[in-house]
Amino acid sequence: LMEVSSDTKADGDGPAAVELPCWDSAEVDPDADFEGVTAVFGYGSLVWKPPCDAEYIGTATIGCIRGWARRFWQHSVDHRGTSTAPGRVATILHRTHPDMAVAATAGAAGVAGASAADGHGDGHGHADGGSVPPTGPTELVTAGMVYTITDMATILPMLDFREKNGYTRTVVDVFDPENLDRKINRAIMYYAKPGRDPAYLGKLTNDDIAATVASAVGPSGPNVDYVLNLDRWCRQNGVDDAHVSEVSRLTRERMA
């Protein structure tokens, strides 16, 4: 599944920088029920760069997922960096992820003013229909864009290719930003699956992230554009995401 580039220079001048691998396509969560799912939830570049041409998009709205946190803890070798100088992009971690053990105390990243009653699960839409216990008084909430797709069979292979750098495709419940008790859709989402994401870097400090972002460039453009575009989308839509805001601030300081 992974392709690893050669670790020697073509001209024979000695060893080259280590090149990081990238999958051919995103993995698929074997426990997820994709039957009848016609929407995609995006929390990174998908919020400002839709998953496909407009002709395939039925609707585009803001939605929230519960029990997940957005973090710039994923390296990028195919979009915002290269195999020898990877950038940093967002992934999404379920609150049961080992690195999110204390995340519930860090606050939510939903739309300002949204609220949810205690005692509800997070809506991780696996085939068994179950959900893990609630986080408690401070629930992890992440806002993003929900796109309904008119021809998922055509678009899905392109999405799997776009998200090939370590992401796993699953299904989640999406909730109304104004009322987190009201489910509005089920959607495909790409996430960092514990133990199955070679691009996942673990916990990084915001300073370390910003240092990489300020200099990394990939086929999709400068890494800084990725971070600032995501921060701009959050601010324009009333989304309070402390992690995105702080990484953006530190990145701008380094670019000044």
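Tutor: Happy to! One term first: a residue is called buried when its relative accessible area is under 20%, exposed when it is over 50%, and partly exposed in between. Keep in mind too that this is a predicted model.

Student: Okay, so is R169 buried or exposed?

Tutor: R169 has a relative accessible area of 7%, so it counts as buried. You'll find R169 in strand β9, which covers residues 168–176.

Student: What does the side chain of R169 make a polar contact with?

Tutor: With the side chain of D160, at 2.8 Å. Setting aside neighbours within four places in sequence, R169 is also in contact with several other residues, including E27, F34, L156 and M189.

Student: Let me zoom out. How many helices and strands does the protein chain have?

Tutor: The chain has four helices and 12 strands. Of its 256 residues, 48% are buried. If you take contacts between residues at least 6 apart in sequence, 77% of them join residues at least 24 apart.

Student: And which residues have the most contacts inside the largest nonpolar core?

Tutor: Those are F41, I65, F72 and M189, in a core of 56 residues. M189 is also one of the contacts of R169. As for F72, if you don't count residues up to four places away in sequence, what it touches includes L204, I209, Y226, L230, H243 and V247.

Student: What caps the N-terminal end of α4?

Tutor: D241 does, with a side-chain oxygen 3.2 Å from the backbone nitrogen of H243. The length of α4 works out as well: its 14 residues (242–255) should span 20 Å at 1.5 Å a residue, and because the end C-alpha atoms are 20 Å apart, the two agree.

Student: You mentioned α3. Which of its residues are buried?

Tutor: N223, V224, Y226, V227, L230, D231, W233 and C234. After α3 comes G238, whose phi is positive, near 70°.

Student: Where is N237 found?

Tutor: N237 is in the loop between α3 and α4. Its relative accessibility is 28%, so N237 counts as partly exposed. The side chain of N237 reaches the backbone oxygen of W233 at 2.8 Å. Along the chain N237 and I62 are 175 residues apart, yet their C-alpha atoms are separated by 8.6 Å.

Student: What about V213, buried or exposed?

Tutor: Buried, because its relative accessible area is 0%. V213 belongs to helix α2. Leaving out neighbours within four places in sequence, its contacts are R88, N223, V224, V227 and T251.

Student: New topic: pockets! Which residues lie nearest the centre of the largest pocket?

Tutor: S45, H79, R162, E163 and Y226, out of 22 lining residues. The volume of that pocket is about 360 Å³. Strands β4 (39–42), β6 and β7 (87–94) each supply at least two residues of its lining.

Note on methods: Residues are numbered from 1 along each chain as its sequence is written. This is a predicted model: local features need pLDDT of at least 70, side-chain atom pairs count only at pLDDT 80 or more; totals for chains, interfaces and linings use all residues. Side-chain values use heavy atoms; hydrogens and water are left out. A nonpolar core is a set of buried Ala, Val, Leu, Ile, Met, Phe, Trp, Tyr and Cys residues joined through side-chain atoms within 4.5 Å. Buried means under 20% relative accessible area, exposed over 50%, partly exposed in between (1.4 Å probe, protein chains only). Contact means heavy atoms within 4.5 Å. The expected span of a helix is 1.5 Å times one less than its number of residues. A polar contact is a pair of N or O atoms within 3.5 Å; within protein, one must be able to donate a hydrogen and the other to accept it, and residues adjacent in sequence count only if both atoms are side-chain atoms. On a 1 Å grid over the protein atoms alone, a cavity is a set of points where a 1.4 Å probe fits but cannot get out, and a pocket is an open set with protein on both sides within 12 Å along at least five of seven lines; lining residues have an atom within 4 Å of a point. Grid points are joined across faces, edges and corners, and a volume is the space filled by probe spheres set on the points.
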